[in-house]
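Subject: Handover of a structure and its findings

Dear colleague,

Please find below the structure that I am handing over to you. My findings follow directly after it.

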Amino acid sequence: MNLSELRGKDQPALTKELNDLLKAQFSLRMQIATQQLNNTSQLKKVRRDIARVKTVMNLKDAK
């Protein structure tokens, strides 16, 4: 996910993206707990994407 793509989205789209990422993070955490996740780097990518979305949301709120 690019930062430029996120900046082009409006607030409701960012909120939906954030909710989708949080669900994905929960799913990955459950897969880790049940020893089903092979590629643990996915969790790091999702966490960083969540941080990117929150950063863009905060920047848009500040304007």
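In what follows, Lys and Arg count as positive and Asp and Glu as negative, while His and the chain ends are not counted. The place of a charge is taken as NZ of Lys, CZ of Arg, CG of Asp or CD of Glu. On this basis the protein chain carries 13 positive and 6 negative side chains, with the centres of the two sets 7 Å apart.

Please note that this is a predicted model, in which local features need pLDDT of at least 70 and side-chain atom pairs count only at pLDDT 80 or more, whereas totals for chains, interfaces and linings use all residues. Residues are numbered from 1 along each chain as its sequence is written, and side-chain values use heavy atoms, with hydrogens and water left out.

Overall architecture

The protein chain has three helices and zero strands (DSSP runs numbered from the N terminus, helices being H or I of at least four residues and strands E of at least two). The C-alpha trace spans about 45 × 15 × 15 Å along its principal axes. Of the 63 residues, 24% are buried (under 20% relative accessible area, with a 1.4 Å probe and protein chains only).

Helix α2

Helix α2 covers residues 11-33, 23 residues in total, and reaches 33 Å from its first C-alpha to its last. This is close to the 33 Å expected at 1.5 Å a residue, the expected span being 1.5 Å times one less than the number of residues. Its buried residues are Leu 14, Glu 17, Leu 18, Leu 21, Gln 25 and Leu 28, and they pack against α1 (3-7) and α3 (41-62). Just after α2, Gln 35 has a positive phi of about 60°.

Leaving aside neighbours within four places in sequence, Gln 25 is in contact (heavy atoms within 4.5 Å) with Leu 43, Val 46, Arg 47 and Ile 50. Leu 18, not counting residues up to four places away in sequence, touches Ile 50, Val 53, Lys 54 and Met 57.

The nonpolar core

The largest nonpolar core has twelve residues, among them Leu 6, Leu 18, Leu 37, Ile 50 and Met 57. Such a core is a set of buried Ala, Val, Leu, Ile, Met, Phe, Trp, Tyr and Cys residues joined through side-chain atoms within 4.5 Å. The elements giving two or more residues to this core are α2 and α3, and the largest share, six residues, comes from α3.

Yours sincerely

Notes:
Buried means under 20% relative accessible area, exposed over 50%, partly exposed in between (1.4 Å probe, protein chains only).
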